[in-house]
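The following note is intended for a colleague meeting this entry for the first time. Please read the numbered points with the structure in view.

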Amino acid sequence: DMFETDPIRDPNLLGCTIKPWCGEPRIELLTRDYFTPNELFYVRNHLAVPDIDVEDYCLIVKGKGVKKHKFTLKDLKEKFPKHEVVTTLQCAGNRREDMHDDNHKIYIAPHWVVGAMSTAKWGGPKIRDVLKYCGMDVDAMALGEKTPDNIKHVQFEGYDIDETGLCYGGSIPIDKAVDGLGDCIFAYEMNGTPLPRDHGYPVRAIAPGHAGARQCKWLHKVIVSDKESQKSWQQKSYRGFAPDINFEDDLANWPPPRLDQAPIVQEMPVQSLVCNPPQNSLLGMKNATDIEVKGVAWSGGGRKIERVDVSIDGGKNWTAAELYKPIEQRRNRHWAWTHFSKTLQLPEEVQKKLAKGQQVTLDISSKAMNSDFNVQPERMEPYWNARGVCINHWYHVKTTLDP
Ligand code: MTE
Ligand code: MO
């Protein structure tokens, strides 16, 4: 059993697959802290957690435009300044459960509910500083000058391997890595402590604003290339197919039709989730006249959350919520989520029913708008996709008020 040495997890992390472990925090806990406590941060593993002795750890940087280097953890800490960045990570497959019904099946695990999203402060050297040390002219490249050797991507490979010896991997565009405002780092700290094993101990890639899948944990190799990562997690798993492309088994039937029309996920769309009241809850609401709604909102690509509207009648009426973001982030670097809250007056007929001793069920929802004025779609169906990625239609929470 390759999973025998996996770490013990917090009971508030609900497992949706066990081997490999994928766990999401109870969603009502997401709004409790702005920085998700490490033990509550969602975990998405594709393989067993590698058991790495720091003495043996090394990060290899190689490929086009760089001189090959090996770094120990000590090197990463001592040769480069530590850069800190607060960013939200979201799995590109978050809310897969919501995209799966009798008419729209998704044959890929895990079926997250909604909680594959968390926020932490990460610390480590900037990727651009490490590439510069290895001889790359990152400053010229960041200014848009022609790159040598047709360099286009930075590939990452992890220490985690499958039964056949293949390791996890993914890549990001080189422009993101060399951008002085891109905040990409090799993180060895998470919320001020060494990375927990589940989150990539001792070092992971952080590429703020990009899908979780590209932020390789247990980072072992960095390969500068003219090509994207050829790993299945880059080429197959996290792609956005058109709604009419449906396939069950990607290995047997690969490639599915019109692969060129299924872009590989990098930056993700605007998202918001109602966290409180909890899904399917029963609230004691004797003589209540109002209800407080709380949640989290985030957009990929560093785009700011400009507004979040909330509804308690399933989306007929909307009211703008108060936004909360206790840290400062600048234009197109809004890597971290925004919390929202709003106390809404219960409609008169709801109050009347409660006064008569009757239960009332509310359909609570939220919709966020980002700095591009992009918004969340109302329904899932037009956006259904076979891999179940970038799912961001209005999330509905049912809660019953009990007089
Ligand atoms: N890196 C490695 N080496 N192995 C993995 O399985 N999973 C990826 C990414 N990095 C993964 C990985 C995916 S799909 C996501 S969503 C994020 O890690 C999750 O990061 P977290 O577990 O720290 O929340
Ligand atoms: Mo993911």
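1. Two strands are said to pair if DSSP finds at least two bridges between them; helices (H or I, at least four residues) and strands (E, at least two) are DSSP runs, numbered from the N terminus. In β22, the bridge partner of S311 is S365. Strand β18 (residues 305-311) and strand β22 (residues 360-370) run antiparallel and are joined by six bridges.

2. On conventions: this is a predicted model, in which local features need pLDDT of at least 70 and side-chain atom pairs count only at pLDDT 80 or more, while totals for chains, interfaces and linings use all residues. Residues are numbered from 1 along each chain as its sequence is written, and chains are lettered from A and ligands numbered from 1 in the order in which they are written.

3. The pairing of β18 with β22 belongs to an open sheet of five strands, ordered β16-β23-β22-β18-β19, with mixed pairing. At its edges are β16 (281-284) and β19 (319-320), each of which pairs on one side only.

4. In total, the chain has seven helices and 23 strands. Its radius of gyration (taken over C-alpha atoms) is 22 Å, close to the 22 Å given for 403 residues by the globule rule (2.2 Å times the number of residues to the power 0.38), so the chain is as compact as a globular protein of that length. Along the principal axes, the C-alpha atoms fill a box of roughly 75 × 45 × 45 Å.

5. The domain assignment, which is automatic or taken from a database, gives domain 1 (13-261) and domain 2 (271-402). Their C-alpha centres lie 28 Å apart. Contact (C-beta atoms, placed from the backbone, within 7 Å) links 37 residues of domain 1 with 31 residues of domain 2. On the side of domain 1 that touches domain 2, β6 (83-90) and β7 (117-124) are the elements that give two or more residues; β6 gives the most, with five residues.

6. Ligand 1 has 19 residues around it, of which H46, C91, G158, Y168 and G212 come nearest; a residue is near if its C-beta atom, placed from the backbone, lies within 6 Å. Both β3 (43-44) and β8 (153-161) supply at least two residues of this shell. The shell comprises ten nonpolar, six polar and three charged residues, where Ala, Val, Leu, Ile, Met, Phe, Trp, Tyr, Cys and Pro count as nonpolar, Asp, Glu, Lys and Arg as charged, and the others, Gly among them, as polar.

Note on methods:
Two residues are in contact if their C-beta atoms, placed from the backbone, lie within 7 Å.
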